[in-house]
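Let's take a friendly walk through this protein, with the sequence and the model side by side.

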Amino acid sequence: MIKLIIPKKNININILIFYDLETTRLNVFHNILTEICCIKQIPLDFNDQTFTTLINPEAEIPEIVTKITGIDKSMVIDKPTFNQISDQLLTFIHNNASTDETIYFVAHNNDGFDKLVLTSHFKRRGIDIKQYKWKFIDTLLLAKKTFPHFKKFNLKSLCEQLSIPTLNAHRAEEDTKMLKNLYYRILDAIHLNSKISLDKLINNPEIVYNYIY
């Protein structure tokens, strides 16, 4: 039986943003964005809102990274830089959110990669994300806690093990769509192994956050 921490009082229905980043390098500390996709979901609203764009890193993209992502210099040379899209991205993130609402960012290996890369890009832009009510949910940690018997935990392997359709891996939009499907499949498993309704888990990401951290 999975044990979850349930808030003592009802909490606000919060916004989920599923996201994925593609970058110039495999090292998190020397990365510049080449692509971003965010899919925003407001619980009880079935219309996804998507923000996706290639980004000019103003740096070389190593051949090994191009082989993985399919993104090369010719694809990004005429695209905006992160500084040029950062205000638009922030507007997308906070649109439809009240000032007292927490926004939950969901990514695979969020704690080890995506969160660090996104935070560093905003920091270089002069924006400290600590001023916002943002929390980050890592589906890698969520999967390891929910399916400890699995042997592989990368995004594609998890989708295959859970019979989730796989798309073109290592492109931001396709990975984000797989991520979203994975998140809800894990929530369904948590629901089946606990006394918490699936609707409650979906509409209260704080429960999921507390389950991981």
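Below is a short tour of a pocket, some charged pairs and a surface patch in this predicted model.

## The largest pocket

The largest pocket holds about 530 Å³ of space. Lining it are 24 residues, and D20, L21, E22, H170 and D175 sit closest to its centre.

Several elements contribute: strand 1 (15-23), helix 1, helix 4 (110-124), helix 6 (155-161) and helix 7 (172-192) each bring at least two residues to the lining. Strand 1 gives the most, with five. By type, the lining comprises twelve nonpolar, six polar and six charged residues.

## Salt bridges

You will find seven salt bridges in the structure. One of them joins the side chains of K73 and E60, at 3.6 Å from N to O. This pair ties together distant parts of the chain, 13 residues apart: K73 belongs to helix 2 (residues 73-76), while E60 is in the loop between strand 3 (49-54) and helix 1. K73 is partly exposed at 47% relative accessible area, and E60 is exposed at 54%.

Other pairs sit within a helix. In helix 1, E63 and K67 are four residues apart, about one turn, and their closest N and O atoms are 3.8 Å apart in a salt bridge. Both E63 and K67 are exposed. K177 and E173 form a salt bridge at 3.7 Å, N to O; they are four residues apart in helix 7, so about one helical turn separates them.

## A nonpolar surface patch

L26, I64 and I68 make a nonpolar surface patch of about 290 Å². I64 is part of helix 1 (residues 63-69) and counts as exposed because its relative accessibility is 53%, over the 50% cut-off.

Technical notes:
Residues numbered from 1 in each chain as written. Predicted model: local features only at pLDDT ≥ 70, side-chain atom pairs only at ≥ 80, totals over all residues. Heavy atoms only, no water. Patch = residues over 30% accessible without salt bridge, like charges linked within 9 Å, V, L, I, M, F, W, Y side chains within 5 Å. Areas by Shrake-Rupley, 256 points an atom, 1.4 Å probe, with all protein chains shown as cover. Salt bridge = Lys/Arg side-chain N within 4 Å of Asp/Glu carboxyl O. Buried < 20%, exposed > 50% of the residue type's maximum accessible area, 1.4 Å probe, protein only. 1 Å grid on protein atoms, 1.4 Å probe; cavity = no way out; pocket = protein on both sides within 12 Å on 5 of 7 lines; lining within 4 Å. Points joined across faces, edges and corners; volume = space filled by probe spheres on them. Nonpolar A, V, L, I, M, F, W, Y, C, P; charged D, E, K, R; others polar.
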